[in-house]
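Below is a short briefing on one protein model.

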Amino acid sequence: DVCSSDLKIIYQLGVVDIMNKKKVTIKDVAKAAGVSVTTVSQSLNGNGSRFSPRTIKRIQRAKEKLGYEPDYFAQRMIMKKSKMIGVLVPDITNPFFNSLVRGIENVLYQYDFMTMLCNADMDQGKEDRYLTELTHRGVDGFIIASSSISNEAIQKILRGEKFPFIVLDQKKSEGISDAVLTDDFSGGQQAAQHLWDLGHRQVAVVMPENATENIQNRLRGFQTVFGEDEIVRVDAELSKKSGRKAAQAVINSPATAIFAVNDQIALGLYLGLADQGCRIPEDYSVIGYDNIDMCEYVVPQLTTIAQPIFELGQTTAKMLIDRIEKPNKQWEEELLPVQLVKRFSTARLN
């Protein structure tokens, strides 16, 4: 049997062996492959087209045999790139941003970029701090999906240091960056027309008091169908909890239908109306906005305006990569369409 003192000696010898094990360097790979360090460096960094297939094969064999792994920080200093993208979102608990980030990551991964996600919790101070810290960490670009970051902060932190960046969804570009948007004006208009066609003439619009630009556009589109005296504004944050609280204000109004400016509010209204013994759509028609997955898993299934959320993320990532590769091109703005998805939460007014 091996006694405890023997085990201690074996352990110590193992530690010494690990500590004495020399890290394999690029010079070792070059020596084993019989080529210069420069040749190995260019080959491993994707610039090996000038070398013969035989040379590339020798380098790969030497790398694998020696177990060589490039030093990330040294590689970054040589290439002047980190292959990382900072993504700032206001509230990761909102399923909209889950799908958005999936779309972003789907494209970045294909181009060998890593996604660094920062959730700001609707806090402007956190957003500005993240912006600064990510620049210090040398990310190659930014995707900003939040409206709270001021254009002054963007000008100072990003444009001053010439970082490629793109704004989307909630943030208005105002001609200072590329942008990918969805057609919120049309979305509001489609929601309103649907309720109008069902015979509703008094509607409640549930939205934040200080709404972001994209949500203001939804309201503007809605107002092309319903007049000011036909709309009751009910204040609520973009959450299920706020939607539930807003139900009482809707019940106290003459509205027979409700336009919730996102699905989170709409789902909260389901519970808030049920708390008061009201039924959907018998007592109130409800239409949401976004078309998150949960819309199909509530009863009745939620009628909503579908945004191409995953595609929005993909398009944004592609546009940022193009900006990184062509930093001096003209600013671009892309507008993606939205569409009404009819389900069972809206009905003709009796």
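In which order do the six strands of the open sheet stand? The order is β2-β1-β3-β4-β5-β11, with parallel pairing. The model is predicted: local features need pLDDT of at least 70, side-chain atom pairs count only at pLDDT 80 or more, and totals for chains, interfaces and linings use all residues. Residues are numbered from 1 along each chain as its sequence is written, and side-chain values use heavy atoms, with hydrogens and water left out.

**Six-stranded sheet**
- β2 (114-119) and β11 (333-336) are the edge strands, each with a single partner, so one side of each has no neighbour in the sheet.
- Strands are DSSP runs of E with at least two residues, and helices are runs of H or I with at least four, numbered from the N terminus.
- Two strands pair if DSSP finds at least two bridges between them.
- β1 (residues 84-89) and β3 (residues 141-144) are parallel and share four bridges; Val87 stands opposite Ile143 in β3.

**Strands β6 and β7**
- β6 (residues 203-207) pairs with β7 (residues 231-235) in the parallel sense over five bridges.
- Ala204 has Val232 in β7 as its bridge partner.

**Ser285**
- Ser285 belongs to strand β9 (residues 285-290).
- Ser285 is buried, at a relative accessible area of 0% (buried means under 20%, with a 1.4 Å probe and protein chains only).
- Beyond neighbours within four places in sequence, the contacts of Ser285 include Leu195, His200 and Thr256 (contact means heavy atoms within 4.5 Å).
- Leu195 is 90 residues away along the chain, yet the two C-alpha atoms of Ser285 and Leu195 are 8.0 Å apart.
- A polar side-chain atom of Ser285 lies 2.9 Å from the backbone nitrogen of Ala347.

How values were computed
Buried means under 20% relative accessible area, exposed over 50%, partly exposed in between (1.4 Å probe, protein chains only). A polar contact is a pair of N or O atoms within 3.5 Å; within protein, one must be able to donate a hydrogen and the other to accept it, and residues adjacent in sequence count only if both atoms are side-chain atoms.
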